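Dear colleague,

I am handing over the structure below, and my notes on it follow directly after. Please read them with the model open beside you.

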Amino acid sequence: MAEVVAKKREARAKIRDAGGREVAMLKVQGLKRYFDVSAPWLNRMIERQPKQILRAVDGIDFEIGQGETFGLVGESGCGKSTVARLIVGLYGPSEGSIELEGRDIAGLSRQQMAPMRRRLQMIFQDPYASLNPRWRVRDIIAEPIRAFGLADGQAAIDARVGELLETVKLTARDGEKYPHEFSGGQRQRISIARALASEPEFLVCDEPTSALDVSVQAQILNLMKDLQREFGLTYLFISHNLAVVYHISDRVGVMYLGKLVEVAPAKTLFTTPRHPYTRLLLDTIPDLDMTGRERMPVAGEVPNPITPPPGCTFHPRCPFANERCRTEIPKARPLGDGAIVACHGIEEGRIPDGPTLSAPAKPEGMA
Amino acid sequence: MPLLEVENLVVEFPTRRGTLTAVNDISLHIDEGEVLGVVGESGAGKSMTGAAIIGLLEPPGRVAGGKILLEGERIDNLPYEKMRRIRGKKIGAIFQDPLTSLNPLYSVGRQLVETIQTHTDMTPTQARERAIDLLREVGIPAPERRIDQYPHQFSGGMRQRVVIALALCVNPRLIIADEPTTALDVSIQAQIIALLKRLCREHGTAVMLVTHDMGVIAETADRVAVMYAGRIAEIGPVREVIKNAKHPYTHGLMGSIPSIGHDNERLEQIPGAMPRLTDIPQGCAFNPRCPHTFDKCRTVRPDLLPVEDSWTACWLYDGEDGRTIEASKKLVAETKADALLEKNDG
């Protein structure tokens, strides 16, 4: 197994573009996904309502290098799960491209997509809903092996399933059981084993530890790091938990209302956050070190994505917003140290550097 | 006299296959105006403790032993109607999911007014004014307008504010808050925590904050009880428990929480999972997952022992066999919980 992986990794290292640069594992450009959430046609005609379009993902760009972990954070409704589903092909994009090792997979037909599917797999949040309760674990894990024809004959499949179960620190005997016989953490291990069954290179993990207790979460995060090292996996790791994202990611993107507001290496993002929304998020992390720091809860909530505010979508909650923020949509601009920020205030240099929001916040509770 | 005293509380669930003990002989107290955090992983019995105190255990669950005293009077054996008076008037409750705590068919105003009128003899007009004041107090903008709206017209954070307003209707002495921020986004969570803290300070209300989130506890609680498999593993001032954990479980739990700024390649992990209620091990319930287990742990159940400023249920601190508190603390602090895992693997 390890040799196969080493060989694969070697082969992949040679994939370079015309300029000799290494090709990113995943490159997303101008990705958009709109949902039509209008009332039925007749109702619309009678009530004279316009069409309603929800811009779940509204033009985002990012790259994930080979063997890298890219974390995506944001609050509920910011579109991070839609990004995950777009990448694995559960939704088709409204616009934009998704390149897997230089090949656009956004416009592929079902048939063309099939071989690509083997290379990218997904781990879902709820290990209770993502495993078929009527299948034995060995059948759940064997399904991708059969579907992609990765092993010949029952004996070979069984051996591979046993091997996968042991990879995720379960035993081969557990294959005989049904999902309900396992705890949440063990089920998530089964999901991971199933994802690994097709020997993927890229895993999209949508809140994989959010339904788990902290001690079990630690087990799963450690396992994911071990697997990454062993098989040279690339992760897109989506979570609303900033500490988890900090722990596992090499680079982090912060999403707000369908847009990426800041992308930076994990260290940089958490030590010198630029965008006011990133600072807001960092400010909300409970302080386990008990430094006695008073948190400044920023007022307001995520606006409705059907009618997002004009200009910068964060301006109603931003203490630094001015006229330009209210009218002009900010563009993502790279800063010197690898960070990319979409904020007029940062561009103009009128937002002071600092770990957190330093402008006077609105009084707590006043939205 | 503490506001609330819980003595040797036992909560049982009779099932066809025998009786399950969800809460096994726990004692705690809450002083006036104090925030007691209760943390633990799912199945530790923390919500059951809260439900037993407000008398809302779901049958067949029942209080099978012990006493619960509020302001010196027993409330665990009151008839239903009397307990209903105390709930709402002296004890308020906030649950995890604000949508299920509110009736979707009634406007929030009607629900607030109904609660106020149940417990006081205000006129409908007075009750409505009080309801508007409450909504304003919990930070809902334009309360005069929003009072006539229905729960579905509120966002998650705003709904939780309404639930807090409901719990505050008649100035209760104690609020049981069961995972009040778990269903909310992080930025809203911070707002709700700040609100709870402020209300607690201004009204002198005591809060029992049940949560699985150590961060929330660290921010909010004065004292904290760490629960494991139906028992309290460690209880003490929050700083003492978080910064200076005595029990190997608390220590492992703290190590397994990823935190920003701490660059460890691997998180500490506690091997295994919390036992099911049907097979709680003999002796200390944590012994199969503990890296320090010795014979006594496998046979005798530890009770809470005073160690420095907190109380810990761990035989490492019983002072027998020449074990000193200092040495045991050092042992716990320096051993990674993974040690056992590696031992087992190898």
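Chain B is divided into domain 1 (1–90 + 173–185 + 204–243), domain 2 (101–171) and domain 3 (250–345), with bounds that come from an automatic or database domain assignment. Taken over C-alpha atoms, the centres of domain 1 of chain B and domain 2 of chain B are separated by 26 Å. Six residues of domain 1 of chain B are in contact with nine residues of domain 2 of chain B, where contact requires that the C-beta atoms of two residues, placed from the backbone, lie within 7 Å. On the domain 1 side, the touching residues are four nonpolar, one polar and one charged; here Ala, Val, Leu, Ile, Met, Phe, Trp, Tyr, Cys and Pro count as nonpolar, Asp, Glu, Lys and Arg as charged, and the others, Gly among them, as polar.

Before going further, please note that this is a predicted model, in which local features need pLDDT of at least 70 and side-chain atom pairs count only at pLDDT 80 or more, whereas totals for chains, interfaces and linings use all residues. Residues are numbered from 1 along each chain as its sequence is written, while chains are lettered from A and ligands numbered from 1 in the order in which they are written.

Next, a helix of chain B. Helices (H or I, at least four residues) and strands (E, at least two) are DSSP runs, numbered from the N terminus. Within α5(B), the residues A127(B), A131(B), L134(B) and L135(B) are buried, a residue being buried if 20 or more other C-beta atoms lie within 10 Å of its own, exposed if 12 or fewer, and partly exposed in between, with C-beta atoms placed from the backbone. These four cover an arc of only 95° around the axis, which puts them on the same side of α5(B); the arc is that of the directions from the helix axis to the C-beta atoms. T125(B) and D133(B), on the other side of α5(B), are exposed. The cover over the buried residues of α5(B) includes α4 (108–119), α6 (143–146) and α7 (156–168) of chain B. After α5(B) comes G139(B), whose phi is positive, near 85°.

As for the two chains together, 37 residues of chain B are in contact with 36 residues of chain A. The largest share of the chain B side, eight residues, comes from α8(B), and by class that side has 17 nonpolar, 13 polar and seven charged residues.

Turning to chain A, its secondary structure comes to 13 helices and 12 strands, and buried residues make up 44% of its 367 residues. An open sheet of eight strands runs in the order β6-β7-β8-β3-β9-β10-β12-β11 (chain A), with mixed pairing, two strands being paired if DSSP finds at least two bridges between them. Its edge strands are β6 (120–123) and β11 (333–334) of chain A, each of which pairs on one side only. Strands β7 (residues 202–206) and β8 (residues 234–238) of chain A pair in the parallel sense over five bridges. Finally, 13 of the 14 residues of α7(A) are buried, so this helix is largely enclosed by the rest of the structure.

With best wishes
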